[in-house]
Amino acid sequence: MEDLQQRTIKAEAEIEELKKQILQLEKGAGQESEIDNEDTPAEALKLQNDKLKYQIYHLNLAIKNQEDALQTERRKSMPSIQTILQGIFDMAIEKAFPDVAISAIVHPSTQERFGDYQCNNAMTLSKMLKESGESMIPRKVAEQIVQCLPENDVLEKTEVAGPGFINITVKKNFILSQLRDVILYGVRPPTMDRKRRVVVDFSSPNIAKEMHVGHLRSTIIGDSICRLLEFVGHDVVRISHLGDWGTQFGMLIAHLRDTFPNYLTESPAIEDLQTFYKAAKMRFDEDADFKKRAYDGVVKLQRRESDYFKAWQMICDVSKNEFEKIYERLGVKLINRGESFYQDLMVDVVEDLEKQNLLELDEGRKILKVPSEKVPLTIVKSDGGFTYDTSDMAALKQRVKDEKANWLIYITDGGQGMHFGIIFKACEMAGYVNRNLVRIVHVPFGVVLGEDKKKFKTRSGDTVRLVDLLNEGIRRAEAKLVEKERDKVLSKEELEIAAKAVAYGCIKYSDLSHNRTNDYIFSFDKMLDDKGNTAVYLLYALTRIRSIARLANVDSSELTSIAEKSSIEFDHPKEWKLAKLILRFPEILEKILDDLFLHPLCDFMYELSSAFTEFYDNCYCIEKDRKTGEILKINKSRLILCEATALIMEKSFHILGIETVAKM
């Protein structure tokens, strides 16, 4: 991304250089009358003048092409000011200290008195220079960097402070131009270095078992990461790696055949798969004859015998339909691709590993030892069956080879971190992936805890079903809205829509606003609080922001017209604070794309909402007559800020997978 920003800076510099050349040529072209006609034939003068005009024409054409390219880039992407500044300071550091290899470090300032951003390279550079035999104090290093800054349209001023910090203030005209682009072109993604094909593995429940609270985090985090990747322009394949194969299906099929003997001609009415699974498991544990038939069923299923295969498909279909109901409620889209999909591929993997002499026999098992790892992978069990290790290796190979993925993301609980670490190394060792070309990331998350700080369970000690959790969320959200007397201003349909948005939104936001590697306490009371960093507070804030333009009777087309005419003016510090914060959106996304931690986006939304409150409390957008309520004055530049804030918040909510509502 930094390379693209630097190319943009260089393109703008080239435009300025071309314009200077044109001025020189135009000056030369205009000197025809001043040249001594006696010494220079008229034809030669005319030829010289035509050449100059030809050069001017092509230079103007080059400028237009450069400007068109920059304008296209502005429409497609939203520049990160932090990244632009890093590019500018990279050029300055390279010019000031050409023999030292170091990238610019630019961060937002922690206090307004230190400017908008800070460059903090001086101390490190001073140390590096000292190690190479050149002594220079950090402050002097900082001053030299400042002296070497290239011409640009971004920096208003720089100031060397303390031992060598460089305080950076961004030009107000640059802020206004970027804010104007938000209104004209919408919220665009940050500049992307290249488009990737990304396979994201998340959610992944087991067939014949209901989705429970343990699937919540993988589903929510996975969907949000996919939404972000899709927003910035990557080609994303959303995969749910279902547990749809194995010995347990023998007992399920045997129980299905006993319970619904006509299953081949009449669709079995399996209403509660969890109960069905428990009944089959009880028979498997207590009935020796049933257990034998279950094992026989596994063999027949693996042979793809039609009756058993159809029974397996029926059980899978019932489960998938139930999963889809949950996904639809949460607004999650994915492709169900279970372990069964990889059965033939697992055979190929075993054959390939044997050809490479990578497998060893160990008490009847075929294992794969990975250098530097104490625990080997079990590729084939002693009974000839495959394992999770086999299917995960086959899946990774298929995703790289067939899906052409160059970025793989696995979203599971932290406990599986070691397993996936070994799988990634094993696939690299086997030649299934080149990690210099394919980025592979395990995205771990912590456990959902109850308010007693123990694993979140029902009062009877059972795992909390996800469907029950969502239903309870809606019940509590509606009760909270009624408590706020929103039922008196909202229609029944509006209340229902608001309750669902609040319920699902608060569940998602509570998860995503925490550092995902930590355990977090699930508390509806905290989630539904309308104060502080919660979805409820932010959803209320957005509806209030949207109501301001409605009250002024100013629509988005009128605001676009204002932006097109470049008539935005700010004169209050709170206006500038909000405007600058709005434009930090791309740098927040760049950080998330780097480490896949989503909570900084939630922190940003809360900071943005708080800054908007400060702005709104100090800067009137609409002035009314206190007696009559008649609107006396509308500050349309401030409505631009309202619109830009709302657009950024709406896009942020979309990335988090949270539905917004017009009324709450």
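Helices (H or I, at least four residues) and strands (E, at least two) are taken as DSSP runs and numbered from the N terminus. The model is a predicted one.

1. F97. This residue sits in the loop that runs between α3 and β1. Is F97 buried or exposed? With a relative accessibility of 4%, F97 counts as buried, because the cut-off for buried is under 20%. Setting aside neighbours within four places in sequence, the contacts of F97 are L125, L129, M136, V141, Q144 and I145. One of these, V141, is 44 residues from F97 along the chain, and the C-alpha atoms of the two are 9.2 Å apart.

2. Helix α3. Helix α3 is mostly covered, with 13 of the 16 residues buried.

3. The four-stranded sheet. Strands in the order β1-β2-β4-β3 form an open sheet with antiparallel pairing. At the edges are β1 (106-108) and β3 (155-161), each of which pairs on one side only. From one strand to the next, the twist averages 25 degrees. Within this sheet, β2 (residues 117-119) and β4 (residues 165-170) run antiparallel and are joined by three bridges. Q118 has N167 of β4 as its bridge partner.

4. Strands β5 and β6. How do β5 and β6 pair, in the parallel or the antiparallel sense? Strand β5 (residues 197-201) pairs with β6 in the parallel sense, over five bridges. R197 stands opposite D235 of β6. Strand β6 spans residues 235-240, and five of its six residues are buried, so β6 is largely enclosed by the rest of the structure.

5. Helices α8 and α10. Two packed helices are described by the angle between their axes and the distance between the axes. For α8 (residues 248-259) and α10 (residues 288-302), the angle is about 110 degrees and the axes are 7 Å apart. That angle makes α8 roughly perpendicular to α10. On the α8 side the contact is made by F249, G250, M251, I253, A254, H255 and D258, and on the α10 side by F290, R293, A294, G297, V298 and L301. Of the residues in this contact, eight are nonpolar, three polar and two charged.

6. Three bridges join β9 (residues 365-368) to β10, and K366 has V380 of β10 as its bridge partner.

7. The chain overall. The protein chain holds 23 helices and 16 strands. Of its 664 residues, 48% are buried. Among contacts between residues at least 6 apart in sequence, 74% join residues at least 24 apart.

Key
Residues numbered from 1 in each chain as written. Predicted model: local features only at pLDDT ≥ 70, side-chain atom pairs only at ≥ 80, totals over all residues. Heavy atoms only, no water. Axes fitted to C-alpha atoms, helices over the stretch in contact; angles between N-to-C directions. Parallel < 35°, antiparallel > 145°, perpendicular 65-115°, else oblique. Contact = heavy atoms within 4.5 Å. Nonpolar A, V, L, I, M, F, W, Y, C, P; charged D, E, K, R; others polar. Pairing = 2+ DSSP bridges. Buried < 20%, exposed > 50% of the residue type's maximum accessible area, 1.4 Å probe, protein only.
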